[in-house]
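Subject: Structure handover

Hello,

Here is the structure I promised you. Please open it alongside this message; my notes follow below.

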Amino acid sequence: MSANEFYQLRVNGKTHQVQDSWVGESLLYVLRERLGLPGTKGACEQGECGSCTVLMDDAAVCACLVMAATAINSEIVTVEGITTESALTDVQQSFVDEGAVQCGFCTPGLIVAVHHLLEKNPQPSEFEVKEAISGNICRCTGYGRVFAAVEATIRSRNAVK
Amino acid sequence: MTVIVAKELITALAALREHADARLIQGGTDLMVEINFNHVKPTTMVSLRDVAALRTIRTDTPGIMSIGSGVPYSVIEGEPVLTAIPALAQASRTVGSPQIRAAGSLGGNLGTCSPAGDTLPVMFALDAMIHLNTLDSRRVVSIHDFMTGVKRSVRQHDEIITAIDFPIVRGWQGYSKVGVRNAMVISVASACLVADHENANVRIALGSVGPTIIRCRESEAWLQSSQDLSAGQSISLDVANEFGRRAAAESSPIDDHRSTAEYRRHAISVLASRLLRKAYQ
């Protein structure tokens with residue numbers, strides 16, 4: 001694959017053509033600037049803040065550290081792909097209800113990380129929640145409201161069962 | 001710029017041979033930072049992400065666990081590595097964040113070869129062996145010969161690190177790291193201690209306190225000559241503290257933006273002493 005060739009990425013269940021891009025671009029840049037998916041946020045661009053967290057082959061990773069052109073054989077899910085309807089997911093609703101969204105910049109990354117955690121581990125301990133979001137930096141909430149939102153989601157999911 | 005996404009090792013090896021400018025990328029956690037900030041502008045990239053052969057853990061040689069260079073830390077921190085090589089699982093769990101651990105690998109730690117590489121002290125304490133392949137040759141290099149300086153190793157341009165062999169040691173082993181906080185931190189000082197009960201010896205290797213990882217041979221020899229290091233023995237606080245002082249004396253830290261040499265030396269004396277006491281409590 002060379003600089004001017006097209007390549008394809010599988011994002012949120014659809015095949016997207018990436019064109020007119022420099023092939024060294026990060027997945028974060030490609031999602032936002034080439035594919036029109038601005039839900040994934042960019043902040044540090046060095047893997048420290050987690051605001052660009054996406055799922056890649058079912059692992060939560062920093063999109064800024066993935067060279068997009070190397071992801072041609074991977075399934076990528078962004079915050080836009082976590083829900084198919086226009087409604088909020090239960091995790092997103094809990095974030096709203098518990099005041100876990102303040103400036104909002106870290107929110108999409110946290111939403112992806114929390115969805116991923118609860119998918120793998122529906123009843124996480126407090127420590128497991130802390131570890132799962134330890135790569136997502138939030139400078140507003142002090143995390144108390146984020147933990148409350150995760151707990152509220154778990155409570156509501158348990159009530160449904 | 002060209003990106004070659006290899007699925008087979010041979011494709012990646014052939015690409016390295018063909019392109020003198022090619023750079024390898026596995027998880028991207030080091031290299032993409034440099035690319036994002038325009039510190040490097042590679043012209044040819046060879047991605048190892050989809051080379052499944054680098055993502056296996058093998059135990060077919062008795063006494064050895066061979067971990068593929070592309071196995072992510074998120075796998076290494078769990079079983080079967082957790083039971084077989086607990087210090088390596090611990091060190092892997094201290095790397096960055098869950099997102100970084102899902103991408104980063106031992107091959108990347110070795111390829112970058114930073115003295116702050118979290119898993120390198122474990123390799124030094126366990127005398128790990130590094131497998132390097134080219135298109136037409138293979139060699140196995142001791143970790144002690146592999147790392148030659150800050151971000152320097154004996155890996156040649158056309159070589160790919162395929163696997164790391166860890167001897168399985170009976171006894172206690174642990175890894176400790178000092179940084180400014182718990183998650184997402186590059187170590188200020190780190191240490192891996194392995195108590196080999198069968199051979200009644202202790203090995204300790206230090207990270208972030210010298211141009212390479214430092215194996216404290218003199219401290220190890222002093223401990224072995226003065227103490228019984230077989231299973232079930234205990235070590236007094238005085239002996240542990242003296243061991244810590246000796247290990248710190250073998251370190252050679254510098255002042256930099258992360259810490260001072262003085263603090264690093266102190267941190268090593270505490271880490272070494274604590275690890276030894278944990279090993280023989």
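Start with a helix pair in chain B: α11(B) and α12(B) cross with right-handed geometry. Keep in mind throughout that the model is predicted. The axes of α11(B) and helix α12 (residues 261–279) of chain B lie 7 Å apart, and the packing angle is about 140 degrees. An angle over 145 degrees would count as roughly antiparallel. The pair therefore counts as oblique.

From α11(B) come Ala240(B), Asn241(B), Phe243(B), Gly244(B), Arg245(B), Ala247(B) and Ala248(B). From α12(B) come Arg265(B), Ile268(B), Ser269(B), Val270(B), Ala272(B), Ser273(B), Leu276(B) and Arg277(B). By class, that contact has 8 nonpolar, 4 polar and 3 charged residues.

Now the other partner of α11(B). Helix α10 (residues 217–226) of chain B packs against helix α11 (residues 237–250) of chain B at about 155 degrees, with 8 Å between the axes. α10(B) and α11(B) are therefore roughly antiparallel. Their crossing is right-handed. On the α10(B) side, the contact uses Glu218(B), Ser219(B), Trp222(B) and Leu223(B). On the α11(B) side, it uses Phe243(B), Arg246(B), Ala247(B) and Glu250(B). The count by class is 4 nonpolar, 1 polar and 3 charged residues. Phe243(B) and Ala247(B) take part in this contact, and Phe243(B) and Ala247(B) are also listed for the contact with α12(B).

Next, chain B as a whole. It holds 12 helices and 14 strands. Its C-alpha atoms fill a box of roughly 60 × 45 × 30 Å along the principal axes. How does its radius of gyration stand against that of a compact globule with 281 residues? The globule would come out near 19 Å; chain B has 19 Å, so the two agree.

One sheet in chain B is worth a look. It is open, has 3 strands in the order β1-β3-β2, and its pairing is parallel. The edges belong to β1 and β2 (22–25) of chain B; each has a single partner strand, so one side of each lacks a neighbour in the sheet. On average, neighbouring strands are turned by 25 degrees against each other, direction ignored. β2(B) and β3(B) run parallel and are joined by 4 bridges. Within this pair, Ile25(B) stands opposite Ser47(B) of β3(B). Helix α1 (residues 9–18) of chain B lies across β1, β2 and β3 of chain B. Its direction runs at about 160 degrees to β3(B).

Over to chain A. Here an open sheet has 5 strands in the order β2-β1-β5-β3-β4, with mixed pairing. Its edge strands are β2 (14–18) and β4 (59–62) of chain A, each pairing on one side only. From one strand to the next, the twist averages 40 degrees. Strand β1 (residues 7–11) of chain A runs antiparallel to β2(A), and 5 bridges join them. Among the partners, Arg10(A) is bridged to Thr15(A) in β2(A). Helix α3 (residues 107–120) of chain A packs on the sheet, where it touches β3 (53–56) and β4 of chain A. The direction of α3(A) makes about 40 degrees with that of β3(A).

The turn between β1(A) and β2(A) deserves a separate note. These strands form a hairpin with 2 residues between them. In that turn, Asn12(A) has a positive phi of about 50 degrees.

Last, the interface. How many residues of chain B are in contact with chain A? There are 26, facing 29 residues of chain A. On the chain B side, the elements that give two or more residues are β1 (2–5), α2 (31–36), β3 (44–47) and α6 (98–101). α2(B) gives the largest share, 4 residues. By class, the chain B side has 15 nonpolar, 9 polar and 2 charged residues. Note that β1 and β3 of chain B contribute to this side, and β1 and β3 are also strands of the parallel sheet in chain B.

Best wishes

Technical notes
Residues are numbered from 1 along each chain as its sequence is written. Chains are lettered from A and ligands numbered from 1 in the order in which they are written. This is a predicted model: local features need pLDDT of at least 70, side-chain atom pairs count only at pLDDT 80 or more; totals for chains, interfaces and linings use all residues. Axes are lines fitted to C-alpha atoms, for helices over the stretch in contact, and angles run from 0 to 180 degrees between N-to-C directions. Angles under 35 degrees count as roughly parallel, over 145 as roughly antiparallel, 65 to 115 as roughly perpendicular and the rest as oblique. A crossing is left-handed if the near helix is turned anticlockwise from the far one by less than a right angle, and right-handed if clockwise. Two residues are in contact if their C-beta atoms, placed from the backbone, lie within 7 Å. Ala, Val, Leu, Ile, Met, Phe, Trp, Tyr, Cys and Pro count as nonpolar, Asp, Glu, Lys and Arg as charged, and the others, Gly among them, as polar. Two strands pair if DSSP finds at least two bridges between them. The radius of gyration is taken over C-alpha atoms; the globule rule is 2.2 Å times the number of residues to the power 0.38.
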